[in-house]
Structures are given as structure tokens and as C-alpha cells.
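Here is a friendly walk through the structure, for a reader who likes to check geometry along the way. Please keep the viewer open as you read.

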Amino acid sequence: MTVAARPGGNIVETRERNRGRIALTDTRAAGQSLQELDQVVIRFAGDSGDGMQLTGDRFTNVSAVLGNDLSTLPDFPAEIRAPAGTLAGVSAFQVHISDHDILTPGDAPNVLVAMNPAALKTNIADLPQGAILIVNVDAFDDRALAKAGYPANPLTDGTLGGFTVYEVPMTSLTLEACKETGAKPRDAERSKNFFALGMVSWMFSRPTEATLEWIEKRFSSNAMVAAANTLAFKAGWNFGETTEVFENAYEVKPAKLTPGHYTHVTGNVALAYGLVAASQLARLPLFLGSYPITPASDILHELSKHKNFGVKTLQAEDEIAGVGAALGAAFGGSLGVTTTSGPGVDLKAETIGLAVSLELPLVVIDIQRGGPSTGLPTKTEQADLLQAMYGRHGEAPVPIVAAITPAHCFDAAIEAVRIAVKYRTPVILLSDGYLANGAEPWRLPDVESLPDISVSFATEPNHSDGEGGAQFWPYLRDTETLARPWAVPGTPGLEHRIGGLEKEDGTGNVSYEAANHELMCKLRAAKVAGIAKDIPPVEVDDQPGAELLVLGWGSTYGAIAAAVRSVRARGEKVAHAQLMHLNPFPSNLGEVLRRYPKVLVPELNLGQLSRLVRAEFLVDAQRFNKVQCQPFTAGELAAAITAHLSAGATQGVSA
Amino acid sequence: MTDTAVPATTKKDWSSDQEVRWCPGCGDYSILTAVQMLMPELGVRREDVVFVSGIGCAARFPYYMNVYGMHAIHGRAPAIATGLALTRPDLDVWVVTGDGDSLSIGGNHLIHALRRNVNLTILLFNNQIYGLTKGQYSPTSEQGKVTKSTPFGSVDFPFNPVSLALGAEASFVARTHDMDRKHMMEVFRRAHQHRGSAFVEIYQNCNVFNDGAFAEITAKEKRPHNLIPLMHGEPIRFGPDGEKGVMLDGQGHARIVEVADVGEDRILVHDEARDDPGLAFMLSRLARGPHEPTPIGVFRAVERADYGSEMQRQLLGAQERQGPGDLAALLSSGATWDV
């Protein structure tokens, strides 16, 4: 069915609506004006300049406050403004809201809002038959169609027959609504994303107050823009309310989440909060040395706001200086952190190696993106695991922690800091573009219950010269953790020199002695390996009789868990474990892996964890890989799991 | 930190127990001695002093100082020292580097430390050669330099470290040389006193791979002829009897002249505190290399807020306005709801 609306409320129904094929779960009888849904996936898509990220973010915010469980997937081009109207310039934001706990931003949208032909063309393939498609019909002129590469107008050539299409003249209705502000049409047109937001807010029964207040606050410096956005938003809402273009409005009730106080966060904000928290828990001032890089920059932005926490941020001249300054700060007794993405990790490798040799705490945060080289800066990938593991010369082991959901970035940051300060080692924390920009509700922790991760600086000499004289040996280790003392400048009597040259065990003096070098390599390796005793065993979401273990790491958690739910719903038996510690592995991992006849390792790379577990545990771990700039969908993982459950599947497969 | 209670020390207190391993006759020895002799005069505590270095012969320096020290990686000492200085404004942070370390692989960090005016005392040992890697030309080697890596002579044009530092907005720029301990100590003392980045180029002889590179300037018998001492507030004169001087010509260029020819009044009076670095830059260009009359001394010393103090000011301001950080409040600073 196509519903065309023209200004003035001239509504023409052109075809009968095929409601039965809408992929929404209706719980009320057909024909009612307000339908309750248990979940819905909405995607806003438009030109990079159309404000789709803002629109999606606002919709997410009101949904969060309404109490829905949610998960988001922003997807935008690397170019700030690719040529307007082109396929390359399309920016999209997908949000999954539900009345129960969900794990992913949804495999496919139920509703697609397309602001121009290019947005339609790049997104339509993801839209299942029967889904709702709302288009800004004003944008479908010949020029825009040609720019998007449409030989004929898809709104009229019958190719959209399988969808419920609403053609809404968003641009002209926005212009009409904003007339009274006196804004020039060119400026007023920019408010059309608020028209779309108002319309979709009506459609899904979102409250309006919060958004209207937000507009006032956000655009307080420009009254005309604030007025235009407000009017556009209201016009969009009223369009839904009064024109009866849409047959139904929908409602998604609050989710029955674990009781608590909630907010909603993106992974990068949660990570920044985690670092601030870790700084307090470790009782060390936080110093961030960072160079802007997508998709990590938001952590620098966030931390630079919190100076009243004593947080110092340095936007360094390059990636190397960012990590160097962090290491210098660590030498001085601060919590030294650097944030980056893959290309930055390449550049920081030498300094991370120095930190391995100096045995100073350092937290290196890698928000992974598509590689190699510049790769796909705004797209997600998990292909830096082997780099984190091995990307340095010499024997240079580094503990690795991975975040598994946006909110978990908070805990992962604290864990990375805990390991770094306790073991005096650089730690690499892996997040990725999906976690960084994706959002989910977060049940706020009671800050009083967060762990004390503080350590002591050395204050006294720790060795005798044999003649009654006290000495300080910077490499005299703690017998349990094998960590060396952290003696910060300013401490009388502990003056010492450290460096990247090999050191003599104990004294820390430069040593080229062969046996000492091997000893030091083994000590550094044993120190990192020993952390396994100090991390929780890997937990298995098990099922009696399960023959297959799905082993994931990091951000694939939600998609794997959702896939496991769905295959179990079909009666298949499968277990799931998700790694948050990649080096060292949890001490029970080998035993867990050997418990299952089959192991499947899905990753957004070409097989990195699978390689590590095969090498480490000699298990026949099969891989399932995808490097398509997008997270796994639960559907494709469920299919892969089912395929591996059936007997013959022994070859690695790709999505 | 200056403090009346700082215990009196001698050079020996500042020397570590490690054997000094530079080649016999290396200019680095005299620089080390100058620094170790200066330290007792600075009124600082050993535990508050940190030497950070990169890689190269000069970079071994921290091992020989009985203070806190870090021998880091090639070129990165200014970056590492920046993090230390910004988080520990109570410390006295020195960077020891060479011409390859800070003008080649670490050029970026040097210029940005200078531009930011981080509170660091940077000593650049310039020997115009790569010593530790056994004799390749460096970014300060003269054009045409024949070395192991340039058997037909080097093609690239050298950096002038003083010009570079001035161009990088350094607030303190000086040059000294390894044959004059008194001058070194005086320049190091001034550099140490300076709040912000203090940059000192030290002409340092590498007697193994580039012997005599600065002899035209630094050899006792040559100094009167080719070493132009810069002294704040004094006319810039040199020569055995002070018969030569520097003046600005009609085009505004600095030129070496016979004082008798132009008259004493025309001789340029050195002003290291000039806000405009133009004259200092011109002086740094007076010689095309250390084989003709070359100025030595403090080229520029101006007051400019240092990065660490400004950073601290923002922090204190935020704490005054917002109060100390409240973690629970931060976590719930966005939209929240209860379930």
C-alpha cells in the first residue's frame, strides 16, 4: 500500500494495506488505533547533513527514559559531508526498543525512515517484506533520483510493493511549519529531521516534553533555530495525530529490567566514566594523552570535561606523544591512559614495548575499526586482537581486556586499570566502533560497592648492600604478583634509573648478560601469565546435553547470546561463553573448551581468537567470520550455529 | 624546588655508581661534569630531579646522574617528559637529547614541547653526526658530508637548531659548547631558572666520528675570532680586541662589521627579552655553520605562561566552580529513570 499525503491533508490511499505481512508483533486486535508491540526496530536514514544521528539519539533518549530496553547501531560515513544526495553520504541510525531485555540493535528494521533516494537505495535491502517505509517524498525529484542512481522513481515503479509505504512531504511541511519564524527556506529546511522525529515519536507514542525541553536547551544560543526545530517537531507529531495518514500508532511498554537506577550510555561515554571511576578507586590522578582518531575521540572529549575530578587531558601532537606522555605520567605516579584506534596502536607499539620493559602501569585503549591502514574509520571490526597480543618486537607480553557491551565498557576500564596498576604493566583494552557509538540502558552501580584497586608506592629502600647500607632495587619483585616496586620521583632515597635497555634482575642496572636476559623475558612472561589466578573463570551459559560451545570475545556478546536464545527456542542444545580477558585467558578456559565436542568461534575478523585457542589448547575450534563493517546479526549467527550442530560441518565458514 | 632546608651537596652526590661509558675524549664528559657541578648550586633536592632521554650517545646521560631517570626510546623523550612535567609540576624535569634524537626521529615532539612551553629544561647535544650507530650523517651535518651512509656526500640541507627552536615558539633558546664549562654552567643555570621550555643547543665534539666539527668556534685560539658572545644589554662585539660587531644594515639584515667602520653606536645591543623573535632569529642565521663567526649565549628568554600552570589553573577553576568530582553524580548526569 502506498499512502501519499500532500500539504493540506489531501490524503490519497492508493492500495489496500497488507497488514498481515508487517513484521511487528501486534498484541491487540486489528483495526485498533493504538497497538501494543513487544519490540520494534526503527532505522532513520538520510544524508550526512540531514541530522539522522541526532534524530536517532533523541528517539533513543526518550525511549530510555520511558523505560524500554534498547540497543542502538549508528552507521555513518567517514566523510563529514560527502556530496549531498550520494550513496556515499548516507548516514543511518538504528534503534531497537522493547518491553523485555534485548541483546542487539536488531537484525533488520521494522520501520525505515528514508529522507532521500540515496538513503532508500542503501537501506532498502535490509528491510523485510511487509515492513513500514516512510519516505520524504519531497526529496524524490529527478535530480536526487539520478544522484542515487535510480533509473526510475521507486515510489512509482512498483518495486516497493512489498512494503507499507508512507510518502510524506517532510520538506514542504517543515517549511510551512517554520514560516512564522522568519527563517530562510534554506535554513528552515534543515529542521526536517525534527519533523521526522516528531512523526515517529507520535507513531510510537513517545512523550514530547523531554524532546521539546532538550531543543530549547541545546539551541538556546539561537532562538530562531530553536523555534524552527520546535515547530518542525510539533508539526511532525501533529501530522501523525491529525491527518490519519497512518493507520496505527504503536506502543512499546517499559521493559521489566532488573530493578535499579538506570541511565543510557554509549560505550565511549561508559569507558570514560570507567576511567574516572578507576582513577578514584586506584586513588591516582588520571592523565590521558591522546590524539584525535575515529572512533575513539569521544573518550578524549568526555574526559576533557571532567577537570573537577582532577583529570588532565593532553591532546598530543601525535599518537606516539599521546602514549609517551601517558607513560611519563605513570612514571610520576599518575594513572596514565592513552586512547586510540588501530592506526594509533601501530604507532604506539614501541612505547608499549618500553612500558613492558619499564614495568610501569599504562592503559592503552583501542577502539577497533575496519583495517588495514586507514581502512574504514567509522565501521566496526574486531581485527586488532592479534596486534594487541603480538604487535611488538621481542618477547613483550601485554594483558588484554575486552568490553562486551556498551555499558560493560565501564567495568572493563576499571578492570584494565586494576591489572595495570597491580602488575605494573601496560594493558590493552579492546572496544570497537559498535560498542563505542552504540547505546544501551545501564543499571548504575552503587559507587560505594566498586572495588578498591589502589596500590602503594614504594617509600623505603628494599635491599641491603651487605654492609648495613640500605639500597633501593627497582626490579626486586613482589613474590606473589612478580610486580616490581613503583617508586615515584620525589621519594627521597629511592632515586633510580630505568630504561629500555635490558635490566639486571633485581638491581635494574643495564645488563647485556645472556642468562639474565632469558630470566627477565621469562619473568615478564610469568608475571602476565600469573594474572590468570587473579581474574574470574570464564562463565558458560550452559545447557545440559549441549554438544557445541560458541566462544566469543568482546562486542559479539549480544549477537551471540541472541542467536543462542533463538536456536534454543528451536530445541537445539548449545552453550555460550564470552571472553573478557584475552591475555591471559581465564584459567578454566582449556577445561571448558574440552568439555564440548564442537567449538565455534564467531569473530568480526578472519579468525584470530580461533587461532589463539587452537594454538593454546589444541582444540578443533571452528571459525565463523565476517568483515563487512557491521556487527553480526543474530540471524546469521543462529544459522551458523545450526549448521555446525549438524554433523558434517567441519570447515571454517564465513558469513 | 628551592628550599632553605635543601641539604648541601657536592658533585659526588649527583654522580651515580654506574661506570661512564662514552668514548674517551668525548665532549659528553665535560657536559656531564658541568651538570653535576651545577646541581649543588641550584638548591634542588636529588629526589625532585628527573632526567629523561631518548636514544643515542647523549641519551645515556641519565644513568650517570644520581637522581630519578628514564632512558626511553628514540626521539620520544620530550613527549614522555611532557606527561611527567604536566602531572608533577613539583619536579625538575630535564631532557637530554642529541641531534638525531630530537631533530630527526623526534623532531615533532621537540617542536611541540617548545610551542606548548612545557616546563622542561632541554639539553640538545649537537655533534652533527650519528655516533651510537657508528657514523652516519645527521640532520645537522653540513651539506656534502661524507659518511658511511653518504659516500658521495650528503645532499640534504641541515637544520639550524637555534633557528628551529625559535621558529617553534620557544620562550628560552640558548647555545653553548663543551669546551667552556663555565659558560655551560651559566647557560644551564639560566635554562633551569626559566619557567617553561628552555632549549639549549650544546656544540659537542664527537672525537671518533666527527672530530673538530666545532673547532673553528670552540678551540681556545679560534674563539676570539669566531665566537660571538651574546650578553643581554651589551653591544654584540667580538674579535681579539672587540673590533668586530653585529649591526643591522639598511635592509634590516644582521651583518658582521668592523666597529671602527660604522661606529660603536651602530652596533646592535643584544636584547634577549624582546617579544618579537625576529632579531634572535636573524642572529641565529648569522653563521651558515660552525665554521664562521657564530653567536653563543642566550638568544631569547621571554616570559610566557607554561602549559602545566595553565592546565593546573583550569583544573582548580573547575574544582572551584563545580566542587570536587562526585562520581555518583557524574554517572547519573544524563537522563535517568528507575525500574
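## Nonpolar cores

Let's begin inside this predicted model. The largest nonpolar core has 214 residues, and those touching the most other members are Ala402(A), Ala413(A), Val417(A), Val52(B) and Val200(B). Take Val417(A) as an example: leaving aside residues up to four places away in sequence, Val417(A) touches Ala278(A), Ala282(A), Leu335(A), Val363(A) and Ile453(A). There is also a second, separate core of 70 residues, with Leu145(A), Leu197(A), Ile215(A) and Val252(A) among them.

## A mixed sheet in chain A

Next, have a look at the open sheet of chain A, whose 7 strands follow the order β13-β12-β14-β15-β17-β16-β25 with mixed pairing. The edges are held by β13 (312–315) and β25 (581–583) of chain A; each has a single partner strand, so one side of each is left without a neighbour in the sheet. On average, and with direction ignored, neighbouring strands here are turned by 20° against each other.

In general, strands of a sheet pair through backbone hydrogen bonds, in either a parallel or an antiparallel way. Within this sheet, β16 (residues 400–402) and β17 (residues 426–432) of chain A run parallel and are joined by 3 bridges. Opposite Ile400(A), you will find Ile428(A) in β17(A). Helix α11 (residues 319–331) of chain A lies across β12 (286–290), β13, β14 (335–340) and β15 (362–368) of chain A, and runs at about 165° to β14(A).

## Where the chains meet

How many residues of chain B are in contact with chain A? There are 51 of them, and they contact 57 residues of chain A. On the chain B side, the elements that give two or more residues are β2 (68–71), α2 (77–87), α4 (107–116), α11 (307–322), α12 (327–331) and β14 (336–338) of chain B. The largest share, 8 residues, comes from α2(B). Sorted by class, this side of chain B has 25 nonpolar, 19 polar and 7 charged residues.

Strand pairing also crosses between the chains: 3 bridges join β11 (residues 261–266) of chain A to β14(B), and the two strands run antiparallel. One bridge pairs Thr263(A) with Thr336(B) in β14(B).

## A helix length check

Just after α8(A), the backbone at Glu244(A) takes a positive phi of about 60°.

## Backbone exceptions

Most residues other than glycine have a negative phi, and most peptide bonds are trans. Thr294(A) and Pro295(A) are joined by a cis peptide bond with omega of about 0°, and Pro295(A) is found in the loop between β12 and α10 (297–305) of chain A. Gly371(A) and Pro372(A) are likewise joined by a cis peptide bond, with omega of about 0°; Pro372(A) lies in the loop between β15 and α13 (385–390) of chain A.

Leu618(A), which is not a glycine, has a positive phi of about 50° and sits in the loop between α19 (609–617) and β27 (621–625) of chain A. Gln128(B) has a positive phi near 60°, in the loop between β4 (121–126) and β5 (129–130) of chain B. Which of these surroundings is buried and which exposed? Leu618(A) has 11 C-beta neighbours inside 10 Å, so Leu618(A) counts as exposed. Gln128(B) has 25 C-beta neighbours inside 10 Å, so Gln128(B) counts as buried.

Conventions: Residues are numbered from 1 along each chain as its sequence is written. Chains are lettered from A and ligands numbered from 1 in the order in which they are written. This is a predicted model: local features need pLDDT of at least 70, side-chain atom pairs count only at pLDDT 80 or more; totals for chains, interfaces and linings use all residues. Two strands pair if DSSP finds at least two bridges between them. Helices (H or I, at least four residues) and strands (E, at least two) are DSSP runs, numbered from the N terminus. Axes are lines fitted to C-alpha atoms, for helices over the stretch in contact, and angles run from 0 to 180 degrees between N-to-C directions. Two residues are in contact if their C-beta atoms, placed from the backbone, lie within 7 Å. Ala, Val, Leu, Ile, Met, Phe, Trp, Tyr, Cys and Pro count as nonpolar, Asp, Glu, Lys and Arg as charged, and the others, Gly among them, as polar. A nonpolar core is a set of buried Ala, Val, Leu, Ile, Met, Phe, Trp, Tyr and Cys residues joined through C-beta atoms within 7 Å. A residue is buried if 20 or more other C-beta atoms lie within 10 Å of its own, exposed if 12 or fewer, and partly exposed in between; C-beta atoms are placed from the backbone.
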